[in-house]
There are 2 protein chains.
Amino acid sequence: MPQIDEYLAANSDRFVRELLEFLRIPSISADSRFKDDVRRAAKFVHSQLERLGFASQLVETEGHPIVYGQSPQVEGAPTVLVYGHYDVQPPDPLNEWVTPPFEPTIRDGYVFARGATDDKGQVFTHIKSAEAWVKTTGQVPVNLKYVIEGEEEVGSNNLEIFLEKWRDRLQADVAVISDTSQFGPGRPAITHGLRGIVACEVTLRGPKQDLHSGIFGGAIANPVNALARAIASLHDASGRIQIPGFFDDIPPLTDAERQRLAALGFDEAGCLADIGVSAPFGEPGCTTLERRWVRPTCDVNGIQGGYQGEGPKTIIPAWARAKITCRLVPNQSPEKVALALEQHLRENCPPGVT
Amino acid sequence: MPQIDEYLAANSDRFVRELLEFLRIPSISADSRFKDDVRRAAKFVHSQLERLGFASQLVETEGHPIVYGQSPQVEGAPTVLVYGHYDVQPPDPLNEWVTPPFEPTIRDGYVFARGATDDKGQVFTHIKSAEAWVKTTGQVPVNLKYVIEGEEEVGSNNLEIFLEKWRDRLQADVAVISDTSQFGPGRPAITHGLRGIVACEVTLRGPKQDLHSGIFGGAIANPVNALARAIASLHDASGRIQIPGFFDDIPPLTDAERQRLAALGFDEAGCLADIGVSAPFGEPGCTTLERRWVRPTCDVNGIQGGYQGEGPKTIIPAWARAKITCRLVPNQSPEKVALALEQHLRENCPPGVT
C-alpha cells in the first residue's frame, strides 16, 4: 500500500512527538500517588481513538479505567481485537536511569523512557497504523476492537471482570497482543504463550519495636534472619523450587518442544554478557531458554527490613518484608500455588515471629 | 555528704535543662551527614568539663574527636578513669517514635530522646556529680580522668589508637563504664563484661541493572534470593550458628556460671511481654539469659534490595545488601570471626552473583 507508506513517512515526526507525550505521563499503576496520572494516560489513549472516528469509551472499574475503542463496522471483514496496556512499572531506583524515566530521550535511534517498550510503544503502533488507513483510504479494512487497560502491571484483576461483562461485544476472529519482544534484531517473533504470575507480599513481625542487638541478640528470632530462612527454603541449593506440590500439575516438556527451543539457536553467552551476568543459574536439567520460557519460577522482587542507612546500627529489627512473585506455566493453578507458597513460608518461620 | 545532696537538689532543674540541650544534638556517628553535629556534641562535653576547672582537651582522630578531661591532682587519692560516649545510634524509622528523637520529652518522669540512656545520660551524671563536689567542697576527692568518645556506635576504631598513644596518661586505679543497664527496677547491676562485636555489610550483585522477571526469572541467580540463602546458611533451623570454626575458641559455660545466672531469677515471660514477642528463640540448650549475656550471636540488622514501594514490581533486582553483626564472647577473635563469616557467605552464593 504505497499511499499508506507515504502517510507513515510523512507523519513519522508527529507520531514520535505524540508518543513522547504519551511516555511523559507517569502512569504507575502500582503506586496510588500516581492515580491521576494513570487516568491521564487512559484519557490520552481514549482521545487518540476518538480522533480516528472510532467509538471510544473510558470504562470505569474498581481500579484504573479500561479504554475500549471500536472502528466503524465493515461488513464481511474479520474482527481483530487488539489488547495493550497504558500503565507502567514503578521506575525506581531512579539514580540508575541514564535519563529520567518520564523524560523520553532518543539515543542511537531508540526511545528511552519507562513504558517505551512495555507497552505504550506497541499500543501506539496499533493506533497509528489504523490512523494511516483511515487518513489514506477512509477506513481500516477490518473490524478493529481495542482493549487498552491500566492494570497490567498489577495483575489485571479488573480486566477479568470487564472481559466477563463485555464478553459479547468483544467477540473477535483474532486477538493481537503486542506486549512482547522480538527474538533478536531482525528476528520478529509470534509469541503464542506467556507465563502467568502469582504475586504476594510477606511481612514478618518480631518485637514490637527495634531492639538493641547487644541486649536481645541471640535470645529472640530476628525477623530479617527468619525471612531470609523462609525465602531460602523456597529453593534448594541447585535452584529447584521446593514448595510442596508446586510441580504437581505441570506436564513434562516433550522432546519435540525441547528440540524446537534448542533449534532457535539462542545466544546464551551474548545474552548473559548483555545483562552483565557471568553465569546462568536455575532449575537443574533445563537450558536457559527453557528456564526463561517454559519453566515456572519463584523470585523475590524486593526485600526490606531494619536499618538501611550508612554505617552500622546494632538492632534486632521489628519487622522484615519481601515481595515475592511466581511465574506460572500451563496447568498450574494460581490459587493453588499461592496457597502452597503461603503454607510453605509459614512452616519455615521460627517461634516468636508472625 | 549533706551539702552535696543539697547542691544536687537545688540544681536539678538546671541539670535536666542542660541534659536536654545535650540530647538535642543529633550526634549520629554512623551517618556522615551529621559530622558537624557529632563535633558539636564533643564540644558540649568539652565545655562542661572546662567549666569545672578540669584540664579538658578535644583530641582529634581520623574520625570523630575524643574528649579528654582531668581533674586537678589530689595527692595520695586513687585515680578513676570514666569512659563514656557522646555519639548515638541512627534514630530511624522516625515514624515509630512517639516524640521526635532529638526533641527530648519528659513523660512519667522519664526522659525520652535518642541517646538518653545510651550514653549521654550516664556521661552527664558523671560530670554533674563531679560538679557537685567541686562547687561544694572545692574539689573532687579522687583523681578523675574522663575519656568520652564519639565512635562507640560505629566500632570505636579510633579509640583503640588513642588508648595506645595515651597509654601513660590514662593510667588509673579503677575504670568506670556506665554504658550499661540495671537488672531491673530497684536492682542496680555491676556489669563486669560485655559482648564484643564484628560488623559487616554484604552486597550481592547480579545483573548490571534490574531485569524483567518474566523475561529472565528462573534463568539467572536473583541477588535477593541468593542473599537470603547466604543469610539462612548462618544458622540451622534450631538457631545454632553454622559458620565453620565459630565456636572453636569459646570455653563451655561452667555449671557454676550457669547456676549464678539462673539464681538471678530472670523474669523471661515479663521480658518477652515487654518487647512484644510471643516466644524466645535461639541457641538450643541455653536459657534466655545465657543467650543474651554469654553466648555469641549473628544477626542481620538491616536488609535491602529491589523494589520497596507500594504494589508489585516484577523484577530481578540488580543487587541486594545486608548489614550483619556478630556479638562475640571471651576468647573469640574478631579477625578470625570476620574472616570465617566472609568465607561462609562466599561459599553459599550461587554462580553469577558476586
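In this predicted model, Arg205(B) stands opposite Trp319(B), a residue of strand S12(B). The pairing around them is antiparallel: S8(B) and strand S12 of chain B, residues 319-328, are joined over 10 bridges.

These strands belong to an open sheet of six strands, in the order S8(A)-S12(A)-S10(A)-S10(B)-S12(B)-S8(B), with antiparallel pairing. At the edges stand strand S8 (196-205) of chain A and strand S8 (196-205) of chain B, each of which pairs on one side only. On average, neighbouring strands of the sheet are turned by 15 degrees against each other, direction ignored.

A helix from each chain packs on this sheet, as the table sets out.

| Helix | Strands touched | Angle between directions |
|---|---|---|
| H10 of chain A (residues 334-347) | S8 and S12 of chain A | about 145 degrees with S12(A) |
| H10 of chain B (residues 334-347) | S8 and S12 of chain B | about 145 degrees with S12(B) |

The two chains also bring helices together. The axes of helix H6 of chain A and helix H6 of chain B, residues 223-232 in each case, come within 7 Å and cross at roughly 110 degrees. Because angles of 65 to 115 degrees count as roughly perpendicular, H6(A) is roughly perpendicular to H6(B). The crossing of H6(A) with H6(B) is left-handed.

On the side of H6(A), the contact is made by Asn225(A), Ala228(A), Arg229(A), Ile231(A) and Ala232(A). H6(B) contributes Asn225(B), Ala228(B), Arg229(B), Ile231(B) and Ala232(B).

How values were computed: Residues are numbered from 1 along each chain as its sequence is written. Chains are lettered from A and ligands numbered from 1 in the order in which they are written. This is a predicted model: local features need pLDDT of at least 70, side-chain atom pairs count only at pLDDT 80 or more; totals for chains, interfaces and linings use all residues. Side-chain values use heavy atoms; hydrogens and water are left out. Two strands pair if DSSP finds at least two bridges between them. Helices (H or I, at least four residues) and strands (E, at least two) are DSSP runs, numbered from the N terminus. Axes are lines fitted to C-alpha atoms, for helices over the stretch in contact, and angles run from 0 to 180 degrees between N-to-C directions. Contact means heavy atoms within 4.5 Å. Angles under 35 degrees count as roughly parallel, over 145 as roughly antiparallel, 65 to 115 as roughly perpendicular and the rest as oblique. A crossing is left-handed if the near helix is turned anticlockwise from the far one by less than a right angle, and right-handed if clockwise.
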